[in-house]
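Subject: Structure handover

Hi,

Here is the structure I promised you. Please open it next to this email and follow along.

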Amino acid sequence: MIDEIQFYEPNDDFGFLSNFALAPINIAGVKWPSSEHFYQAQKFSDPQLQDVIRNAPTPDEAFRLSREYAQFIKLDWLDERDNVMRDIVLEKFSQNPSYAYQLVATGEQILTEHSHKDAYWGDGGDGSGRNELGKILMAVRNDLAQQTPYNLVSYVDSAKLPTKFGTFQMNGFTEKATGKEHLALVYGKIDPNEPVLIRLHSECLTGDALFSARCDCGFQLAKAMQNIVAKGSGVILYLRQEGRGIGLLNKIRAYHLQDDGADTVEANERLGFAADMRDYTFCKGMLGHLNINTVNLMTNNPRKVNALLRAGINIAERVPLQEGNNPYNADYLKTKASKLGHMFESDFIN
């Protein structure tokens with residue numbers, strides 16, 4: 001991984017770091033199209049001139065107008081500018097969470113405005129500049145990284161994942177509290193203004209990879225992927241919470257107890273675990289990084305719905321996902337319904 005991120009043009013990689021990136025900001029009830037609009041307007045005391053700059057059609061035009069009216073710049077502007085820049089950069093990322101997640105995802109890398117035109121806010125083009133904007137960005141990043149929800153997960157990287165259903169984009173995250181690695185499989189173009197079809201799928205090696213018929217996990221995963229592809233977009237959060245959170249080896253022990261007559265809840269409890277040990281709080285960080293605000297959740301599990309609501313995730317609709325009933329898991333499904341409250345149609349488990 002590179003140790004330094006250089007940014008300048010808003011449409012380039014990491015262009016969201018630029019003040020010229022369009023990110024609406026509300027200051028004292030007044031909406032500004034970008035941090036550049038606000039910063040340039042604060043050079044002037046005249047409210048009418050500030051409004052002219054605020055209404056500039058682009059950040060570039062706001063910058064140009066401040067040069068056109070340079071003779072009216074406040075005499076103490078050079079004393080104020082650092083504080084103004086710090087305040088507006090903080091507001092930009094606080095009010096635009098999708099950018100905040102991207103900022104935090106830059107980790108410990110040095111952020112440098114690579115501008116040959118500016119040796120104060122930027123690096124002067126040759127690295128000799130002060131890079132004051134980069135320093136402010138790194139300070140804001142450090143503050144955000146300590147706050148929820150930005151401190152829940154760390155984004156690692158992404159790559160294409162061709163499957164028999166379609167090609168997904170696989171995004172890797174590390175859960176900060178546990179160090180567990182989780183995936184977000186994204187299909188199609190996500191619209192942040194619409195509820196996104198998602199499935200929170202806890203890892204089940206036996207069902208997902210070994211084709212076990214004693215649970216419905218693998219069947220549900222396949223159906224969820226099919227549903228997302230059929231809709232044209234959606235997300236699978238693949239969570240490393242094997243065996244409802246007890247782990248693979250304890251899951252084998254629980255299976256042994258089930259072979260001897262215990263149901264899935266009794267088996268976990270005999271091993272000293274709760275019926276369901278999973279936590280979904282960190283999912284807010286994964287969804288936030290993907291700029292997902294509201295979801296249509298594919299699940300039969302009311303606990304999962306309630307857990308997401310407690311985590312502050314908006315659920316527009318619960319989408320039933322009933323798949324995989326067979327002679328080997330009939331009792332398992334009945335236990336999920338009777339003891340864990342899973343919402344199945346009566347004809348699915350009878």
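Thr335 touches Asp263, Thr264, Val265 and Leu340, leaving aside residues up to four places away in sequence. This threonine lies in helix 13, residues 330-340. Keep in mind throughout that the model is predicted.

Glu242 is another buried residue, with a relative accessible area of 6%. Look for Glu242 in the loop between strand 9 (234-239) and helix 9 (248-259). Its contacts, again without residues up to four places away in sequence, are Glu203, Cys204, Leu205, Gly247, Leu248 and Lys251.

Is Gln146 buried or exposed? Gln146 has 63% relative accessibility, so it counts as exposed. Gln146 is in the loop between helix 6 (132-144) and strand 5 (153-162). From Gln146 to Glu36 it is 110 residues in sequence and 26 Å in space, C-alpha to C-alpha.

Met170 stands opposite Leu185 in strand 7. As background, strands of a sheet pair through backbone hydrogen bonds, either parallel or antiparallel.

Next, helix 5. How many of its residues are buried? The count is 6 of the 8, so helix 5 is largely enclosed by the rest of the structure. The buried ones are Ser98, Tyr99, Ala100, Tyr101, Leu103 and Val104. Their cover includes helix 4 (77-95), strand 4 (110-113), helix 6 and helix 11 (283-289).

Tyr99 leads on to the aromatics. There are 9 aromatic pairs, counting rings whose centres lie within 6.5 Å. One of them is Phe16 with Tyr99: the ring centres are 5.9 Å apart and the planes stand at 35°, so the pair is tilted. The two residues are 83 apart and link distant parts of the chain. Phe16 sits in the loop between strand 1 (4-7) and strand 2 (25-27), while Tyr99 belongs to helix 5, residues 97-104. Both Phe16 and Tyr99 are buried.

Tyr39, Trp77, Tyr120 and Trp121 form one aromatic cluster.

Two arginines sit over rings, too. Arg54 lies over the face of Trp32, 5.9 Å from the ring centre. Arg214 has its charged end over the ring of Tyr255, at 3.9 Å from the centre.

Best wishes

Notes. Residues numbered from 1 in each chain as written. Predicted model: local features only at pLDDT ≥ 70, side-chain atom pairs only at ≥ 80, totals over all residues. Heavy atoms only, no water. Phe/Tyr/Trp six-rings, centres within 6.5 Å; stacked < 30°, edge-to-face > 60°. Helix = DSSP H or I, 4+ residues; strand = E, 2+ residues; numbered from the N terminus. Buried < 20%, exposed > 50% of the residue type's maximum accessible area, 1.4 Å probe, protein only. Lys NZ or Arg CZ within 6 Å of the ring centre and 35° of its normal. Contact = heavy atoms within 4.5 Å. Pairing = 2+ DSSP bridges.
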